[in-house]
Amino acid sequence: MSEELTQAELFDVFSNARRRQTVRYLKRHQGTCDLAPLVEQVAAWENDTETEAVTRTQRRRVYISLYQTHLPMLEEHGIVDWDPDAHRIELLPSEDTFEPYLDRQLNEQRSWHLFYASVTLVGGLLFVLALLSIGVVSPSIAPLIALGVCFVIAAIALTQYVSRQPAHTLPFGLGR
């Protein structure tokens with residue numbers, strides 16, 4: 001175990017999703033857990049299902065890799081304290097060092113592309129209607145529609161950026 005991990009070592013350690021998920025799980029559970037619930041949750045994340053629906057084969061696959069490879073590697077780099085006999089894992093207090101390498105908001109990802117696509121579709125439709133003088137919109141407001149769409153897309157981009165920053169939450173559940 002080295003005192004200070006280099007950036008290359010951190011990239012190597014967190015290049016694997018299971019190691020990132022392990023640390024994320026530990027952070028959500030006050031830094032300590034038993035192996036069994038960790039295995040269940042990692043298997044559920046990988047198979048996009050609830051922990052109750054994880055099969056024995058899925059659990060076994062995750063268990064073997066965590067037990068033989070990933071937990072020893074995290075311990076070797078001083079990120080966790082792993083007791084293989086007791087099946088107990090504890091996150092060591094160096095989390096500020098590796099926080100930027102972890103997946104943000106695992107299993108709570110917002111589908112930002114849907115926001116962008118919706119605004120673009122509605123704005124494009126209004127723009128076409130304005131150009132064709134259909135309904136109450138006239139060609140003279142087409143530039144205002146285009147400008148409005150640009151501002152809304154910029155606002156969504158800013159919201160998306162802020163939501164990805166650690167320790168920021170957005171109103172109305174937008175950061176998920």
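**Exercise 1.** Work out whether Glu 46 counts as buried, exposed or partly exposed.

*Solution.* Start with the relative accessibility of Glu 46, which is 35%. Buried means under 20% relative accessible area, exposed over 50%, and partly exposed in between (1.4 Å probe, protein chains only). Glu 46 therefore counts as partly exposed.

Before going on: this is a predicted model, where local features need pLDDT of at least 70 and side-chain atom pairs count only at pLDDT 80 or more, while totals for chains, interfaces and linings use all residues. Residues are numbered from 1 along each chain as its sequence is written, and side-chain values use heavy atoms, leaving out hydrogens and water.

**Exercise 2.** Find the salt-bridge partner of Glu 46 and say where both residues sit.

*Solution.* A salt bridge puts a side-chain nitrogen of Lys or Arg within 4 Å of a carboxyl oxygen of Asp or Glu. For Glu 46 the partner is Arg 18, at 2.4 Å from N to O. Glu 46 belongs to helix H3 (residues 35-46) and Arg 18 to helix H2 (residues 17-28), 28 residues apart. Helices (H or I, at least four residues) and strands (E, at least two) are DSSP runs, numbered from the N terminus. Arg 18 is buried, at 14% relative accessibility.

**Exercise 3.** Describe how the side chains of strand S3 (residues 88-91) are arranged, then follow Arg 88.

*Solution.* Next, Arg 88 forms a salt bridge with Asp 34, with 2.8 Å between the closest N and O atoms. Asp 34 lies in strand S1, so this pair ties together parts 54 residues apart in sequence.
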